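Please read this briefing alongside the sequence and the coordinates.

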Amino acid sequence: MNHLFHDVVFFILAAVVVVCSILTVTTKRILRAATCLLFVLFATAGIYFQLDYSFLGAVQLTIYAGGIIILFVFSILLTTPSGDRARKLKNSRMAAGLIAALAGAAVCIFLTLTHTFAPSRLSGGELPMKVVGNALMGTGKYQYLLPFEAITVLLLACIVGGIVIARKR
Amino acid sequence: MFDFSVVTQWVDQFLRSFMPAEMAVLAELILIGLCLLSGYALIALALIYAERKICAFFQCRIGPDRVGPFGLLQSFADMIKMLIKELIDINHVDRFLFNLAPFVVIIASVLAFGCIPFAKGLQVLDFNVGIFFLIAVSSIGIVGILLAGWASNNKYSLIGAMRSGAQMISYELSIGLSILTMVVFAGTMQLSAIVESQAGGWFIFRGHLPAVIAFVIYLVAGTAETNRGPFDLPEADSELTAGYHTEYSGMHFGFFYLAEYLNMFIVASVATTLFLGGWMPLHMPGWEGFNRVMDHIPSIVWFFGKTAVVIFIIMWFKWTFPRLRIDQLLRLEWRYLLPLNLVNLLLMVVVVVFKLHF
């Protein structure tokens, strides 16, 4: 019975993800697409919370919903006149997109079916914050300080590049 | 001190006595939702009344005094008026986004409202990343404001929304960093644990200099985050009519209005929880009798009392300072508050590492 509840919640979230993902790529208006993407990211965060992984859920909300989507919306507001609609796709492009989507789906399904997953629910409820923090900032095996620093350098380069491109001459 | 988990456990056992465990959980979820929403609405009404009265006293007026004793029922009457007003359909707008925007704003604010520890044992969401979750969900509200401005198809709304977005994104940095300073001091992000660890003294006293700096920065940034004066450029009435909610009518406008006041409450209660001890009574080390007297005041009174003080300070800002220009606003954040905040974070780390706190 308890499993039934979890299943019901999961299927609701999954349905939101599927429906909104399809709407994101089929809608003609760009801001609607961004909003649908926002719902996809919300539902993904919901799945993380359902798995008791609240840290990842909160990160998903801040980075994607609170950061990236706002950047998208901002750039749409600054660049697109309202009432602007996407042009109809050419058939060749539609076909290429479909093939790419099907190939991606095939790879995902293949991996999901062949990979053996660890138990999806953590045994002791939420993961303690200290464990996450130590894994992120440690230098030992299965710890992520080096990738973390590499990504910060990469992001810094991106920021500097963005400023160089955007500054007035 | 009275522990509210007695009440919640009694409700839990009462429900479980006549229905299966899963149905009881479902019923509790619905009950909690109803309690949260009605608390949300009641607090917003109380705040609107308080704002009108305080504003009136600052301007040497009396304020609402006709409906009920001291005008106490004025905001209830306004609520009923708002509920039965017509929702006007506007031509040439993206209707889906236009109608969605107020709900995004209000959902973000209700989610953040659910995290707050109101009293001993009276808290709905208590993740071990509690304060981080609270920042995360409250940042969603910006999306709603941007959508509202864009979907209204109106230049004033769009300018208001852009200003609001720029302002909230900038000041979110300050809020996040000042909260991070206190998380460094507390050593945990769980809101209940943060409150528990202030039993020996509130953080603003124990953390002395860095905590006081973080408190001041948090208050300034929190006022800006809620789009209130002197940072109320997004809805500067003299230039933009009403900013991003110009085109909204009836209860859709009501949602923006409610969320604005509730966000002020959330900012104040987070300040209370992080700096002023949440629902913890004032304890002086060594004063046994004094501590025992303080323990007799219920925890919920402590929480709402401290929150009311912070809210009064925020309202005091609004009715005292003139409005900033947008360049002054952004300069204040990026040139002054952010560097100060980073230095303060470093100072707090030094204080914690060398155990210089009380």
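The contact between the two chains of this predicted model takes 25 residues from chain B and 24 residues from chain A, where two residues are in contact if their C-beta atoms, placed from the backbone, lie within 7 Å. Local features need pLDDT of at least 70 and side-chain atom pairs count only at pLDDT 80 or more, whereas totals for chains, interfaces and linings use all residues. Residues are numbered from 1 along each chain as its sequence is written, with chains lettered from A and ligands numbered from 1 in the order in which they are written.

**Chain B side of the contact**
- Helices H4 (95–114), H5 (130–138), H6 (141–151) and H7 of chain B each supply at least two residues of the side that touches chain A; helices (H or I, at least four residues) and strands (E, at least two) are DSSP runs, numbered from the N terminus.
- By class, that side of chain B has 19 nonpolar, four polar and two charged residues, with Ala, Val, Leu, Ile, Met, Phe, Trp, Tyr, Cys and Pro counted as nonpolar, Asp, Glu, Lys and Arg as charged, and the others, Gly among them, as polar.

**Confidence**
- The predictor assigns the complex an ipTM of 0.81 and a pTM of 0.87.
- Chain B has a mean pLDDT of 84, with 99% of its residues at 70 or more; pLDDT is the predictor's confidence in each residue, from 0 to 100.

**Chain A**
- Chain A holds six helices and zero strands, in the sequence pattern α-α-α-α-α-α.
- Its radius of gyration (over C-alpha atoms) is 20 Å, well over the 15 Å that the globule rule (2.2 Å times the number of residues to the power 0.38) gives for 169 residues, so chain A is more spread out than a compact globule.
- Of the 169 residues of chain A, 15% count as buried, meaning that 20 or more other C-beta atoms, placed from the backbone, lie within 10 Å of the residue's own.

**Chain B**
- Chain B comprises 15 helices and zero strands, and its C-alpha trace spans about 65 × 60 × 45 Å along the principal axes.
- The radius of gyration of chain B, 21 Å, agrees with the value near 21 Å for a compact globule of 358 residues.
- Of the 358 residues of chain B, 45% count as buried.

**Helices H7 and H15 of chain B**
- H7 (residues 155–186) and H15 (residues 326–353) of chain B pack at an angle of about 10°, with their axes 9 Å apart, the axes being lines fitted to C-alpha atoms over the stretch in contact and angles running from 0 to 180 degrees between N-to-C directions.
- That angle makes H7(B) roughly parallel to H15(B), a term for angles under 35 degrees.
- The contact of H7(B) with H15(B) has 18 nonpolar, seven polar and two charged residues.

Key:
Angles under 35 degrees count as roughly parallel, over 145 as roughly antiparallel, 65 to 115 as roughly perpendicular and the rest as oblique. A residue is buried if 20 or more other C-beta atoms lie within 10 Å of its own, exposed if 12 or fewer, and partly exposed in between; C-beta atoms are placed from the backbone.
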